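Thanks for coming. I have one structure to go through, and I will keep it short.

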Amino acid sequence: MKTVLLLKEIYEDGFKNLSNLILKYSLKAFTWFTVLLFILVLYAFMHRLFSGFGFSNI
């Protein structure tokens, strides 16, 4: 539990006085880009799964 609280405190201290708007919005944009890429990967996996793609060479 101490480790979790320590990591939380480090994270809060690192972003406490984040006044640089460029950094703030670029991190938000990166987060949304990452979420969109993850959704794309899930879509591609589901498409391959339901289209009968063979995942093994056995």
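The chain has two helices and zero strands, both being DSSP runs numbered from the N terminus (helices H or I, at least four residues; strands E, at least two). This is a predicted model, in which local features need pLDDT of at least 70, side-chain atom pairs count only at pLDDT 80 or more, and totals for chains, interfaces and linings use all residues. Residues are numbered from 1 along each chain as its sequence is written, and side-chain values use heavy atoms, leaving out hydrogens and water.

Start with cover. Of the 58 residues in the chain, 0% are buried, where buried means under 20% relative accessible area, exposed over 50%, and partly exposed in between (1.4 Å probe, protein chains only).

H2 covers residues 21-50 and contains Phe-33. Phe-33 is partly exposed, at a relative accessible area of 48%.
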